Amino acid sequence: MSRNNPNKDSQTPDAKKSISLPVSRVRLIMKSSPDVSSINQDALFLTTKATELFVQHLALSSFNNGSGKDSNTLEYSDLAKTTEENETFHFLTDILPKKILARDYLKTLEQMQEEEEEADL
Amino acid sequence: MAERPEDLNLPNAVITRIIKEALPDGVNVSKEARRAISQAASVFVLYATSCANNFAMKAKRKTLNAGDVLAAMEEMEFERFMEPLREALEVYKKDQKGKKEVSEQKRKDKEKKVDSENDKSREDDEADEEEQQQCMEEEPEEEVEN
């Protein structure tokens, strides 16, 4: 915050900075919400910090809960799985949908049709 | 307001760094997974903002404050974040207070100079101080000029 001000004596070194995401961007996202009129400094700081905690939590839960623990990888499917299984991440299901193969989808569709036809008979 | 849709994304480099720091060393995070986490973070901000705003509106306040954000975390069942958030806020406030004292001292020095010329400038300074509390990024601006 004191980037424009070389005279400031109380400058904190970057290493000690407690948040790394840009608050200006977080504020922009917050303000894009239609009902929000103003946000005080503390609320902005807390939301930024909370977002960082959230990113860590989502990444770590998905890794621990996922299939890539042995191969040391984190894949999209691990995230989708965690989102589906963990109650607190349910608000993400729209943007983290579980991916299925087209051929599996078509198979299910076929099965459904067959069942319908059987029911009609 | 955001001009372009990409303004609502968080910077990928920072998100990637936060992910790396959270995971054990040497974990490879796919590009798709990084993108998804970044989008999830944006959605998290919006969800938290909307929850916090409900608390502010219930209390008939127009400005979101720290209590609203903490209440939102509880409502969203992210209680696990509340303690670290309180601690971080404590440190942040202390830091801000230190900075404020420095800038207040500077303002006083400035006032002494300007005082004899124009009485009105002090009122302006007081108005500025109120604005500063609303908007953190504007704080250092006026000191830069002298």
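Asp42(A) is buried (under 20% relative accessible area, where over 50% is exposed and in between is partly exposed; 1.4 Å probe, protein chains only), with a relative accessible area of 17%. This is a predicted model: local features need pLDDT of at least 70, side-chain atom pairs count only at pLDDT 80 or more, and totals for chains, interfaces and linings use all residues. Residues are numbered from 1 along each chain as its sequence is written, and side-chain values use heavy atoms, without hydrogens and water.

**View 1. Lys93(B) forms a salt bridge with Asp42(A).** A salt bridge is a side-chain nitrogen of Lys or Arg within 4 Å of a carboxyl oxygen of Asp or Glu. Here the closest N and O atoms are 3.8 Å apart. The pair crosses between chains, from helix α4 (residues 82–115) of chain B to helix α2 (residues 41–65) of chain A. Lys93(B) is partly exposed, at 42% relative accessibility.

**View 2. Lys98(A) forms a salt bridge with Glu84(A).** Their closest N and O atoms are 3.2 Å apart. The pair links distant parts of the chain, 14 residues apart. Lys98(A) is in the loop between α3 (76–85) and α4 of chain A, and Glu84(A) is in helix α3. Lys98(A) is partly exposed at 48%; Glu84(A) is partly exposed at 43%.

**View 3. Asp68(B) forms a salt bridge with Arg61(B).** The closest N and O atoms are 2.9 Å apart. Asp68(B) is buried, with a relative accessible area of 3%. Arg61(B) is partly exposed at 31%. Over all chains, the count comes to 6 salt bridges.

Key:
Chains lettered and ligands numbered in written order. Helix = DSSP H or I, 4+ residues; strand = E, 2+ residues; numbered from the N terminus.
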